[in-house]
Amino acid sequence: MGLLSNKIDREVLKPGDHIYSWRNAYLYAHHGIYVGDETVIHFTRGAGQEIGTGTVLDRFVFSSSPSHPSDNPCPKCGDQSRLDGVISSCIDCFLSGGDLYLFEYDVSPALFLAKPRGGTCTLAKSDPPEDVLHRASFLLQNGFGGYHIFKNNCEDFAIYCKTGLLIITNISVGRSGQAATFLAATSAVVSSPLRFLTASFSGLAVVGYGMYCVGRLVSDIGVRRDVCKIPVEQLVASSRRNESEVVADLAKEN
């Protein structure tokens, strides 16, 4: 892997790796956990299903991995065209014709900021592979809640499997670096008072990019303080309760 790309060959994959593949001309990436034997567990939101952003993103962004139409299903996976939630797919269906990338953990702040696109790395440390595989397999059987593009998406799923960390507030963005990047960019653009601090275009660009970098960094799961480590069994056992009550209880216990 290089500074600007996390692209790898599938031959070097190890069980417990967090992998991803870009979709829709690099508009967003789909994430999952490689579990071995050419198989990936990932959190999906099927094509054509409302993702609830209330924006034009609803037309383009969805985590739909199956690359085979329903009338010509994958010989390994079968027909997954109508599935959503946590599913298991062969790596070819997961990639859906895209390239394979490895998500990096425990990177330095300098390397994190050197990668201008979010959703590729984090300062957080990964747990041992056996813990990662246990969480992924448990959630495959029990689910990961409802899909939400900013608070509970495929990257959130993979990061939880790798770290066991959950956000303990319900008013902030989730663990996803892609969502944090989008919000940081939006904040940098709409923060109008700062544009009057400089009269030059270059100065404005520096200020805007600085705000973007700070926004990405403070939203990373590895430096945030509104997180706690939650056992996957406890997460699933609490899934039927009101979300705000669950978050409050989990925060008290940790």
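**A predicted chain, strand by strand**

Reader: Which residues point one way from S1 and which the other way, and are they buried or exposed?
Author: His18, Tyr20 and Trp22 point one way from S1, while Ile19, Ser21 and Arg23 point the other way. In a regular strand, side chains alternate between the two faces of the sheet. Buried means under 20% relative accessible area, exposed over 50% and partly exposed in between, with a 1.4 Å probe and protein chains only. On both sides of S1, the residues named are buried.

Reader: What pLDDT do local features need in this model?
Author: Residues are numbered from 1 along each chain as its sequence is written, and side-chain values use heavy atoms, with hydrogens and water left out. This is a predicted model, in which totals for chains, interfaces and linings use all residues, side-chain atom pairs count only at pLDDT 80 or more, and local features need pLDDT of at least 70.

Reader: How many helices and strands are there in the chain?
Author: Both are DSSP runs numbered from the N terminus: helices are H or I with at least four residues, strands are E with at least two. Of the 254 residues in the chain, 46% are buried. The elements are 9 helices and 7 strands.

Reader: What is the order of the open sheet?
Author: Two strands pair if DSSP finds at least two bridges between them. The sheet has 5 strands with antiparallel pairing. Its edge strands, S4 (85–90) and S5 (101–102), each pair on one side only. The order is S4-S3-S2-S1-S5.

Reader: Which residue is the bridge partner of Ile19 in S2?
Author: S1 and S2 run antiparallel and are joined by 6 bridges. They form a hairpin with 4 residues between them, and Asn24 in that turn has a positive phi of about 45 degrees. In S2, Ile19 has as its bridge partner Gly32.

Reader: Which residue in S5 does Ile19 stand opposite?
Author: S1 also runs antiparallel to S5, and 2 bridges join them. In S5, Ile19 stands opposite Leu102.

Reader: Which residue in S3 is the bridge partner of Tyr34?
Author: S2 (residues 28–36) and S3 (residues 39–44) pair in the antiparallel sense over 4 bridges. In the loop between these strands is Glu38, which has a positive phi of about 60 degrees although it is not a glycine. Glu38 is partly exposed at a relative accessible area of 29%. The partner of Tyr34 in S3 is Val40.

Reader: Which residue in S4 is the bridge partner of Phe43?
Author: S3 and S4 run antiparallel and are joined by 6 bridges. S4 is mostly covered, with 5 of its 6 residues buried. The partner of Phe43 in S4 is Val86.

Reader: At about what angle does H5 run to S2?
Author: Axes are lines fitted to C-alpha atoms, for helices over the stretch in contact, and angles run from 0 to 180 degrees between N-to-C directions. Contact means heavy atoms within 4.5 Å. H5 (residues 154–163) lies across S1 (18–23), S2, S3 and S4, and its angle to S2 is about 35 degrees.

Reader: Why are the buried residues of H4 on the same side?
Author: H4 (residues 129–142) has Val132, Arg135, Ala136 and Leu139 buried. The arc is taken from the directions from the helix axis to the C-beta atoms. These four residues are on the same side of H4 because they cover an arc of only 95 degrees.

Reader: Which exposed residues does the face of H4 turned away from its buried side carry?
Author: The buried residues of H4 are covered by elements including S2, S3, S4, H5, S7 (227–229) and H8 (232–237). After H4 comes Gly143, with a positive phi near 90 degrees. The face turned away from the buried side carries Glu130 and Gln141.

Reader: How many Å apart in space are Val223 and Ala124?
Author: Val223 is in the loop between H7 (201–219) and S7 and counts as partly exposed at 31% relative accessibility. Leaving aside neighbours within four places in sequence, Val223 is in contact with Leu123, Leu217 and Val218. Val223 and Ala124 are 99 residues apart in sequence, and their C-alpha to C-alpha distance is 7.4 Å.

Reader: At what relative accessibility does Ser96 count as partly exposed?
Author: Ser96 is in the loop between H2 (91–95) and S5. Although not a glycine, Ser96 has a positive phi of about 50 degrees. Its relative accessibility is 30%.
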